[in-house]
Every structure is written in structure tokens, then in C-alpha cells.
Amino acid sequence: MDPTTDNAGQSGDAGTARTALEALRAEIAKAVVGQDPAVTGLVVALLCRGHVLLEGVPGVAKTLLVRALASALELDTKRVQFTPDLMPSDVTGSLVYDTRTAEFSFQPGPVFTNLLLADEINRTPPKTQSSLLEAMEERQVTVDGTPRPLPEPFLVAATQNPVEYEGTYPLPEAQLDRFLLKLTIPLPSRQDEIDVLTRHASGFDPRDLRAAGVRPVASPADLEAARAAVAKTTVSPEITAYVVDICRATRESPSLTLGVSPRGATALLATSRAWAWLTGRDYVIPDDVKALALPTLRHRVQLRPEAEMEGVTADSVINAILAHVPVPR
């Protein structure tokens, strides 16, 4: 075999990039125990130039996960704690008057980074939530009529607490749809929790990732090579139709008042391609679509109140649809 190609027939650069991105899991595991699906979801989002909503109770290492990913990828990261009194300019930046020059100069906000951790995004009013919309969609911030591009890569990882509703502002459907994936961060298993406590007893400090041994194992160049390879991943007409059939089925479900939009179908196709490439193939199969259906679609549907009262969840509706939509052969 030609050493400049890998077993999927892609270039050596793509093969090297995939190896580097696969190494992220092991590297992040030095700081975060038992969150492989969330790590994979964040990598898929980076490959698709998308954003991620992380949902989990406090204390399950959501912040640590994003910081560890940034360290392992040599990316800049900043964190914003969203509160009821946070202003849009606190996120995007503002013009500041300089008395020495008698001119206004732009002071960039924390959104000017590679990985922005928007902590407890549902605790801030809609006006501040919407200040992220332009940044997420257009990858720029407009202040005083001047557009200012954000760094590349750029990913928003927003967290929200699923069990606390007092003093929160639920994200509107239009903004939820801007997130490529919604990842649920579960409580750890008993053994994983024992491992966490053992590490802390041995002196692990979550604020010092270098001391924990987290080192850069992939670079922005690897990420760019990977994105180029994902863009070449083949999608057959049958797979495209399968994605459309799944999304159309959500619009016809009696349990839902809101189904998946065409933007959601596009997102599912993109994440399926990224997952196919990460698993070593240059073409998409139905299992790739099934693997990414829940995180890509669960936040794009809305349950009927009566279905919610009966214990139906978005995940259970999507799983039922996956079981009934014919799979292409």
C-alpha cells in the first residue's frame, strides 16, 4: 500500500489529522473521567463548524471538559458566567473613549476566542442571549456598524442546568436551532465517581491541567486538514433521502408540536459525514445517521404538553422514528 494514503483512500494529511483527533479522547481522559461521548460530540462540532449545548446538573465537569479540549487542541478559550444582569456588550465588547487620543477604540469581549464557554446561558435575559446569535451564525460581531470577524476556529459551548427553573430564561426555538448538537452530560457511574475521588485524593487540581498531564496532541492545522477531508466524504442519494425521511417523520409525529426544520436535516447530514470520517470511512452509511440523530435533533423538536405529561421525551420520539423509517440497503 502507498504509505501516503490511509485505508479509506484519503491523503496522508487527513490520516494524520484523524490520528491526532482520535488522540484527544485519551488526552482529555487525563482530566475528565468517563465522558467519551461528549468529547466526540465536541470534536464533531469543530469539524462541522458548529456549536454545542451541554446539558447536565452542576458538578459533572462541563467546564473542565471544554478547558481540557482547548488545551489538547492548542486553542484559546474563555469563559462567561451568564447572569441576569449580564449585558450584550459584556459578551461582544464595546467602544471605549480614550482620553489621551480623544477617540473611541474597540475593546474586544470574551467572544473573541476559539472556544467560548457560555456557562448557564439560560440564566441571562433574551437580549443578552441573542447577542451570541450573530457571533454563532455569522462568525462576526458588529459594533457601531463595523463588522469584526471572530478567530478561526470558533465554537460556542453553552451549558444549561436541566433541573433548575427558578430565575431562568429558556432558550427560544430559533436560538436552539443555531446549536449543531445538544449533548447531555450524565452523572458518572459508581466506578467513574470512585476514579474521580481517587484522583482528587492524589492531588489532582482541575485548575491546573498541565500538572494533570494534559498536553497538545492536535493543532488547528490538523483540524483544518480534517475539515477538508470531511467535505470530501461521499453521501449517496439513498442516504440523503434517509435523512430527509427521518426529519419529515418528526413533523408528522402526533407527540410533537414542532418537528425538525430543513436546517436540522442539513445539520444531521453534516454530523453524519463527520462521524463517518472519524470512524475511518470516506462514505456515509445509515449507522452514521443513527449514531448522530439524537444529539443533532433532540433540541430541534417540541413535545406536546399531553405527551410530556405521559413521560414521553424527545429522545424516545426520535428513537421510535429511527425504528420505523425504512433503512436504505
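Both faces of strand 8 are covered in this predicted model. Leu155, Ala157 and Thr159 lie on one side, and Val156, Ala158 and Gln160 lie on the other. All of these residues are buried, where buried means under 20% relative accessible area, exposed means over 50%, and partly exposed covers the range in between (1.4 Å probe, protein chains only). In a regular strand, side chains alternate between the two faces of the sheet. Six of the six residues of strand 8 are buried, so the strand is largely enclosed by the rest of the structure. Strands (E, at least two residues) and helices (H or I, at least four) are DSSP runs, numbered from the N terminus.

Residues are numbered from 1 along each chain as its sequence is written.

Two strands pair if DSSP finds at least two bridges between them. Angles run from 0 to 180 degrees between N-to-C directions, and axes are lines fitted to C-alpha atoms, for helices over the stretch in contact.

Strand 8 (residues 155-160) is joined to strand 5 (residues 115-119) by four bridges, and the two run parallel. Alanine 118 has alanine 158 of strand 8 as its bridge partner. Leucine 116 is partnered with valine 156 of strand 8. Four bridges also join strand 1 to strand 8, again in parallel. Here glutamate 55 stands opposite glutamine 160 of strand 8.

An antiparallel pair is formed by strand 3 (residues 93-98) and strand 4 (residues 103-108), joined by six bridges. Valine 96 stands opposite serine 105 in strand 4. The hairpin of strand 3 and strand 4 has four residues between the strands. In this hairpin, alanine 102 takes a positive phi near 60 degrees.

The loop between strand 1 (52-55) and helix 3 (62-72) holds proline 58. Proline 58 counts as exposed because its relative accessibility is 58%. Proline 58 and leucine 187 are 129 residues apart in sequence, and their C-alpha atoms are 9.7 Å apart in space.

The largest nonpolar core has 73 residues, and Leu21, Ile28, Leu47 and Trp277 touch the most other members. Such a core is a set of buried Ala, Val, Leu, Ile, Met, Phe, Trp, Tyr and Cys residues joined through side-chain atoms within 4.5 Å. Helix 2 (residues 36-47) gives the largest share of this core, eight residues. A second, separate core has 23 residues, among them Val91, Phe112, Ala135 and Val156. Isoleucine 28 is in contact (heavy atoms within 4.5 Å) with Val39, Leu65, Ala68, Leu69 and Ala72, leaving aside neighbours within four places in sequence.

Arginine 227 is placed in helix 8 (residues 220-231). Arginine 227 is buried, with a relative accessible area of 6%. Not counting residues up to four places away in sequence, arginine 227 touches Leu46, Leu47, Arg49, Glu152 and Pro153.

Helix 9 (residues 237-252) packs against helix 10 (residues 262-278) at an angle of about 140 degrees, with their axes 9 Å apart. The contact is made by Val243, Cys247 and Arg251 of helix 9 and by Pro262, Ala265, Leu268 and Leu269 of helix 10.

Cysteine 247 counts as buried, at 1% relative accessibility. A search of the whole structure finds zero disulfides, a disulfide being a pair of cysteine sulfur atoms within 2.5 Å. The sulfur of cysteine 48 has its closest cysteine sulfur in cysteine 247, 14 Å away, which is too far for a bond.

Notes. This is a predicted model: local features need pLDDT of at least 70, side-chain atom pairs count only at pLDDT 80 or more; totals for chains, interfaces and linings use all residues. Side-chain values use heavy atoms; hydrogens and water are left out.
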